[in-house]
Amino acid sequence: MKRWIVFKTESASSKGWKERKLQPAAHLTRMLAEYLDCSDKMLPEPGDRPREFARFEESVDPNFPDASTHVRWSDWEVSRVERFKSVDSAEYDEIVVCYCRYSPIEPEWKELPKIGVLQEGKL
């Protein structure tokens, strides 16, 4: 199953509108995050939070200078979820819209694992 999961604010004027930024470009928008999911994992539900990614200079890998280095849970909390089944010719089997409300938490940034590089001819 190929699902497009979108996290967005409940309304354009929702509390916390100044903190509303689409990652990784950080543009102001109602859309908070989006994920392509091809797994059988459970869908987000009320109380869940999308993840936020950041790049901290002191942790940058020179082989991947633009990659995110840290992750944390977002200040946005899912308040309701809507699911839409697609037609046969659509790109996705299902579109999931997670409406979120601003509910800030203490940021707890965790370092992401280093990206592995496959050496040519070695597995």
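## Core and open sheet of a predicted model

The largest nonpolar core has 11 residues: I5, F7, L32, A33, L43, W76, V78, V96, C98, C100 and Y102. A nonpolar core here is a set of buried Ala, Val, Leu, Ile, Met, Phe, Trp, Tyr and Cys residues joined through side-chain atoms within 4.5 Å; buried means under 20% relative accessible area, with a 1.4 Å probe and protein chains only. At least two residues of this core come from each of β1 (3-9), β4 (31-37), β7 (76-85) and β8 (94-102). The largest share, four residues, is supplied by β8. Strands are DSSP runs (E, at least two residues), numbered from the N terminus.

This is a predicted model, in which local features need pLDDT of at least 70 and side-chain atom pairs count only at pLDDT 80 or more, while totals for chains, interfaces and linings use all residues. Residues are numbered from 1 along each chain as its sequence is written, and side-chain values use heavy atoms, with hydrogens and water left out.

An open sheet is formed by three strands in the order β5-β6-β9, with antiparallel pairing. Two strands pair if DSSP finds at least two bridges between them. β5 (51-54) and β9 (110-111) are the edge strands, each pairing on one side only. β5 is joined to β6 (residues 70-73) by four bridges, and β6 pairs with β9 over two bridges. The table gives residues that stand opposite each other.

| Residue | Opposite residue |
|---|---|
| A54 | H70 in β6 |
| H70 | E111 in β9 |

Key. Buried means under 20% relative accessible area, exposed over 50%, partly exposed in between (1.4 Å probe, protein chains only).
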